[in-house]
Amino acid sequence: YIQNIDASAKSLLGIINDILDFSKIEAGKLDIEKTDFDMFQVIDNVIHVVEFKAYEKNLELIVNYDASIGKIFYGDSLRLGQILTNLLSNAVKFTQEGEIGIYIKKVAQDTFRFEVKDTGIGLSENEQSKLFKSFSQADGSTTRKYGGTGLGLSISKQLVELMDGKIWLESKKGVGSNFIFEIKLIEQESRKTFRLFSDKKVLIVDNNESWHEVLANALAKFDISVEHAYNAREALDKVYHYKGAFDLILMDWNIPELDGIETTRMIQNIYKKSSFTNELPPSIIMASSFRQELITKLAKDVGIDIFLQKPVNPSLLNDILNSVFLDNIDINQFVEDEKNTLKETLHTLAQSRILLVEDNSTNQEIVIGLLEDSGIHIDIASNGEEGVRLFKQREYELIFMDLQMPIMDGYEATKHIRALDKEIPIIALTANAMQEDIQKTQEAEMNEHLNKPIDIEKLYATLLKYISKKQEIPHLHVKELQEEITIPKFKNIDTKLGLRHLVGNKKLYLKILRDFYNNYHDFLIDDYDEESF
């Protein structure tokens, strides 16, 4: 029942947002907002929306980045993600077997092509002529069988055109469809220079030809030589035939005949029993289109420590290869270094002063903890009225504004502050995450909308965007500032997830846990009636 409610609610929310977007486009009030964004992160977010449905239908989910694609771009990442989500959701909906994929390549200076391909039902020429029109689908039976409003493609087309682009379709009935759009994006970071591993050989074990092509192209950037196996038997033959030549094996979990875990066990036995090599077995990375805890546990039981979830993020692949080939450095080290980059950059904002208007003491502690050691001074107001009073008393460079507070809410407080100052950045910090909530904060003249739980990277990026730089980045590393603190093991608390929300700040995390315990350890639900809530 809960799953049905969740699916129905998301479906209804999608329809409402489609209608709101359509109305804004028709009224000419939908604006394209350009900011710096991480292309790999945008694609990962899109994949997360559809990956479970693809997994349920046993569809391969492919993402292929052209070799010339960088990481950081300037454009509207929200609308790009919306277009890709629309197209990819359609691809999953209309595909019963085979694969779907996103293919990204640079076609000209500041022009990039995105192709969403599927092996689904396809469309005749007559059906194609009806697409991209409002409230229109291929035919009446499509709505009855698959659902939807017929607005997704129309909105996607208009968004592409607002981004100075064009969109079109190539399709054959019963074969599949290829939706293609090209948009203008400014590449902020040139192609990354990867460390070359010319002396390394990798075996790709996967039954899907598209994945062989994607992974081979990705590894070519590192000058790594590649061999291919399409099932367990081929993999075992290659391992034996090449006599210890492989430095790494990328092993798909779901391959024919034997799964990837059993194949790994047999490869290890070849090394134990054969006299052709005295070397240890090659490192093996398990890959899967949808991560399941059971698979992860079984993989660890046969000595596989790194689990690669498809589609493969090129930046993460780079880190993994470095971890495997460079003295076996812990992969978590690379992940943490990447996360700490923005936090270290915050030191350029030292001596800045910001105002946090927030009534919840735990949320106050989280923001203070996330900005500790940055040198940024934070004043706290527990409601909108107090926030306005503090703003009148001293100068601030940025305000974080909660929306729902006692005495005076965030909207009213922003109205008072805007009457005094039109320029100071005011950032909504709220659990209200619907599209209409974002629109409401924009209408209230707030500059940005950050959701709770706080996305740490967005919080840091927002500060760096709106506050002027005071100094160069000092020569220090965040890890050097962290104390050696041990987090206890809890039965019902996911401490890894908790720490992730606090950028690994163990001291802050333990303080929040202690405060929560002290505030609620005597809490008895029977002492409260319905009206209390």
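This is a predicted model: local features need pLDDT of at least 70, side-chain atom pairs count only at pLDDT 80 or more; totals for chains, interfaces and linings use all residues.
Tyr74 stands opposite Ile186, a residue of strand β8. Strand β3, residues 72–75, is joined to β8 by two bridges, and the two strands run antiparallel.

These strands belong to an open sheet of three, ordered β1-β3-β8, with antiparallel pairing. At its edges stand β1, residues 35–38, and β8, residues 186–187; each has a single partner strand, so one side of each is left without a neighbour in the sheet. Across β1 and β3 lies helix α2, residues 39–56, running at about 65° to β1.

The largest cavity has a volume of about 50 Å³. Its lining includes Gly75, and β3 spans residues 72–75. Also lining this cavity are Ile32, Lys34, Asp76, Leu162, Met163, Asp164, Lys184 and Leu185.

The next topic is a second sheet. This open sheet has five strands in the order β15-β14-β16-β17-β18, with parallel pairing. Its edge strands are β15, residues 377–381, and β18, residues 448–451, each of which pairs on one side only. From one strand to the next, the twist averages 20°. Helix α13, residues 361–370, packs on this sheet and touches β14, β15 and β17. The direction of α13 makes about 175° with that of β15.

Strand β17, residues 426–430, pairs with β18 in the parallel sense over four bridges. Which residue of β18 is the bridge partner of Ile427? The partner is Glu448.

Finally, I consider Met446, which lies in the loop between α16, residues 435–443, and β18. Is Met446 buried or exposed? Its relative accessibility is 5%, and therefore Met446 counts as buried. Met446 and Ile426 are 20 residues apart in sequence, yet their C-alpha atoms are 5.0 Å apart in space. Ile426 is also one of the contacts of Met446, once its neighbours within four places in sequence are left aside. On that basis, Met446 is in contact with Met401, Leu403, Gly410, Tyr411, Thr414, Ala428 and Thr441 as well. Of these partners, Ile426 and Ala428 fall within the residue range of β17, 426–430.

Key. Residues are numbered from 1 along each chain as its sequence is written. Side-chain values use heavy atoms; hydrogens and water are left out. Two strands pair if DSSP finds at least two bridges between them. Contact means heavy atoms within 4.5 Å. Axes are lines fitted to C-alpha atoms, for helices over the stretch in contact, and angles run from 0 to 180 degrees between N-to-C directions. On a 1 Å grid over the protein atoms alone, a cavity is a set of points where a 1.4 Å probe fits but cannot get out, and a pocket is an open set with protein on both sides within 12 Å along at least five of seven lines; lining residues have an atom within 4 Å of a point. Grid points are joined across faces, edges and corners, and a volume is the space filled by probe spheres set on the points. Buried means under 20% relative accessible area, exposed over 50%, partly exposed in between (1.4 Å probe, protein chains only).
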